Amino acid sequence: MAKDWSTLNSQSQSEALINEVKGNLFEYLVAFELAQNWKLSGQFVSHFSSLFGGKAQNELRHYQDWLRENDPELFALLPGLAKKTAQKFLDSYDDLAVNEVLLTGKTGAVSGQNSLKECDILLGLRDELKQQAFIPISLKFCKQGAYVNTKSGGIRSFIEKYFSVFKNAETYQKELNLYLEQSFNQMAQELYEWADLTDSHLMDKLGHFSPEWSERGLPELPGELPKDAREKLYSHYYRVVGKLYEFLFELYQKDKILFKNCLTPLLGFSDPHMVQLTLFHKKGEGRYEVGTIELEEWKEEDELIFEGLKSGVSSFNFSLGKKTLQIRLKPMNKFTVSALKVNCSVKAGLTQ
């Protein structure tokens, strides 16, 4: 089903939508260019057309129509940008014996391929022994100099999921979750006082603000809060990111090599065979001039530096050679729920 986009009411929501649309279309166009190179375009289109009973194809058309109307410059440039990005890959992998190109990202899916993790495009190939093998590609389209998102998940399982090799990871996770609730309660009480509401029913049983908040028409998105109230919300983020930093630093001190290995999926390499392909665009005569196109395979990073926590920010960094891995806390859209999202992103030396 196509989304109803008629209710967008903020610039940030509109920008998020454009990012979603361009990402979906870009994935399809790059995959199509790769399929054409190996004379598999008919097979590729046929497979994509059959996904979800044709719903994926219908949604793609909806994306095209929306982008043509709302950002005609990007709509016109996207095919050329996709062609250049595909060529960057082909310059290194043109000699592959590819027999299948599948879209596995936002606009499509391959059933039974849950292990693909960050994969957006999957290339199928046969080796000399006629055994099927695959090359997963993670595709990104970003502004020059931007951090590239590699992983995102809920804070309530983050330590336990990605640092489970440490025997006390579960304990740290439970302590972090308890601290999260305490900090959220403090923030909620401060905002209720700011809004001159009673704090007798701050939250419902699910850890959300009580219905009284929304019934009064009070903001639920961070950007809609006035500055004095927003500072109370940000203080909550700073407290929680400080606790996450504290626990991860303790794990880091226990075993630095083991800790570094835990960062591999956060860098976007849940699969060590993943190929990361990123187009960085910049402003030139238009808004979408090609900056650099980078292709990266997994490799062991020699050096890991756990950088210090800065006050007044909801993130912290790791340095790994020429890369910077950033861990940032964000709300799950509305701040009136206690859940927080942990966003992981990478900046490489070439894109700074």
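Okay, let's start with the aromatics: ring pairs link Phe158, Tyr162, Phe163, Tyr245, Phe249, Tyr252, Phe259, Phe306, Phe316 and Phe318 into a cluster. A pair here means Phe, Tyr or Trp rings (six-membered ring for Trp) with centres within 6.5 Å; planes under 30 degrees apart are stacked, over 60 edge-to-face, the rest tilted.

Quick housekeeping. This is a predicted model, where local features need pLDDT of at least 70 and side-chain atom pairs pLDDT 80 or more, while totals for chains, interfaces and linings use all residues. Residues are numbered from 1 along each chain as its sequence is written, and side-chain values use heavy atoms, leaving out hydrogens and water.

So, the structure holds 31 aromatic pairs. Take Tyr192 and Trp213: centres 5.5 Å apart, planes at 35°, so that one is tilted. Tyr192 sits in helix α6 (residues 169-194) and Trp213 in helix α7 (residues 211-215), 21 residues apart. Helices, by the way, are DSSP runs of H or I, at least four residues, numbered from the N terminus. Both Tyr192 and Trp213 are buried, meaning under 20% relative accessible area, with exposed over 50% and partly exposed in between, using a 1.4 Å probe on protein chains only.

Tyr245 counts as buried because its relative accessibility is 12%; Phe249, at 27%, is partly exposed.

Last one: the charged end of Lys243 sits over the ring of Tyr179, 4.9 Å from its centre. "Over" means NZ of Lys or CZ of Arg within 6 Å of the ring centre and within 35 degrees of the ring normal.

Definitions and conventions:
Helices (H or I, at least four residues) and strands (E, at least two) are DSSP runs, numbered from the N terminus.
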